[in-house]
Amino acid sequence: MTDALPQILILAAGASSRMRGADKLLEPVAGRPLLAHVLAEARASGLPLLVVLPPDRPARTALVQAAGLPHVIAARAAEGMAESLKAGVAALPSDKAIMLLLADLPEITAEDLRQMARAHAVYRQAILRGTAQDGRPGHPVLFPADLRAELLGLSGDEGARSLLARHRDRLRPVPLPGAHATTDLDTPEDWAEWRASRP
C-alpha cells in the first residue's frame, strides 16, 4: 500500500425503505448476501476500506464483523445519507482521497475499484465518477482529500450531489464495464427483473 491509495468508504447504512420490509443488503448475490459480496470485492481490490453501518441493523453489523473489516456506526443514519457519509469521512485520515462506494451495487467488481484508483493516480485533483459504459453517471465517486471539509458540511438525504454540482468543473467520468456503476436495485420488482436478466 502507498500513501497515494484512496480510501474506500462503503455506505451501508440505508433504510431499504422501498423493499417492503426486506433488507436489500441481505438479498443473495453470487451465493451470499449483497453486503458480503460488495465487501469481498472491495477487499479484493487491495485498497484500504471502512464500512459505515446504521445502529439498528444487527445482521449487517454481523456480516462486517465476520469479515473482520473496520467499521463505524452512523448514529444519525436515519436523518439521511449525508449523516452516514459524514460519520465515515470523520473516521478516515484527513490526507486521503475518499472513494464513496454504495453497498447496494451488485455488479461492482474489485477491478472496477482498482480502475478508479488508477484514474486517481493520473488525475489527482479531479473528482472521479464511475459511469456505465454508455456514459450514464453512477458510482463509485472519488473525492480528492482537499474536499474533505465540504463532505463534512453536507446535510440531508442527497449525499454529495450538491458538492458534485458545485465542483462540476473538476468532474471526470471513469467508464466501467456494462452497467456496473449504475445497477442499483431498490424494490423487490427490481431484484426480480435483474435476476431474470442474468445468464
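Reply: R20 counts as exposed, because its relative accessibility is 60% (exposed means over 50% relative accessible area, buried under 20%, and partly exposed in between, with a 1.4 Å probe and protein chains only). The model is predicted, so local features need pLDDT of at least 70 and side-chain atom pairs count only at pLDDT 80 or more, while totals for chains, interfaces and linings use all residues. Residues are numbered from 1 along each chain as its sequence is written, and side-chain values use heavy atoms, with hydrogens and water left out.

R20 sits in the loop between β1 and β2 (28-29); here helices (H or I, at least four residues) and strands (E, at least two) are DSSP runs, numbered from the N terminus. Leaving aside residues up to four places away in sequence, R20 touches P188 and E189, where contact means heavy atoms within 4.5 Å. E189 is 169 residues from R20 along the chain, yet 11 Å separates their C-alpha atoms.

The chain as a whole gives the setting. Its secondary structure comes to seven helices and nine strands. The radius of gyration is 16 Å, close to the 16 Å that the globule rule gives for 199 residues, so the chain is as compact as a globular protein of that length (the radius is taken over C-alpha atoms, and the rule is 2.2 Å times the number of residues to the power 0.38). Along the principal axes, the C-alpha atoms fill a box of roughly 40 × 35 × 30 Å. Of the 199 residues, 50% count as buried. Among contacts between residues at least 6 apart in sequence, 68% join residues at least 24 apart.

The part for the close look is helix α1, residues 34-44. α1 is mostly covered, with eight of its 11 residues buried. The buried residues are L34, L35, A36, H37, V38, L39, E41 and A42. Just after α1, G46 takes a positive phi of about 85°.

Two packed helices are described by the angle between their axes and the distance between the axes. The axes are lines fitted to C-alpha atoms, for helices over the stretch in contact, and angles run from 0 to 180 degrees between N-to-C directions.

Take α2 (residues 58-67): its axis comes within 10 Å of that of α1, and the two cross at roughly 30°. α1 and α2 are therefore roughly parallel to each other (under 35 degrees counts as roughly parallel, over 145 as roughly antiparallel, 65 to 115 as roughly perpendicular, and the rest as oblique). The crossing of α1 past α2 is right-handed, a term used if the near helix is turned clockwise from the far one by less than a right angle, left-handed if anticlockwise. L35, A36, L39 and R43 of α1 make the contact with R60, L63, V64 and A67 of α2. By class, these residues are six nonpolar, no polar and two charged (Ala, Val, Leu, Ile, Met, Phe, Trp, Tyr, Cys and Pro count as nonpolar, Asp, Glu, Lys and Arg as charged, and the others, Gly among them, as polar).

With α4 (residues 110-122), the axis of α1 makes an angle of about 45°, and the axes are 7 Å apart. α1 and α4 are therefore oblique to each other. α1 passes α4 in a right-handed crossing. E41, A42 and A44 of α1 meet A110, L113 and R114 of α4 in this contact. The contact of α1 with α4 has four nonpolar, no polar and two charged residues.

α4 also holds H120. H120 has a relative accessible area of 3% and is buried. Beyond residues up to four places away in sequence, H120 touches A4, P6, A97, L128 and L142.

Another covered helix is α3 (residues 81-90), where seven of 10 residues are buried. Those residues are A82, E83, S84, L85, K86, G88 and V89. Among the elements that cover them are β1 (7-11), β4 (49-53), β5 (71-73), β6 (98-102) and α5 (148-152).

Two backbone details remain. A30 lies in the loop between β2 and β3 (32-33), and its phi is near 55°, a positive value in a residue other than glycine. A30 is exposed, with a relative accessible area of 64%. In strand β8 (residues 137-143) lies P140, and the peptide bond from H139 to P140 is cis, with omega near 10°. Most residues other than glycine have a negative phi, and most peptide bonds are trans.
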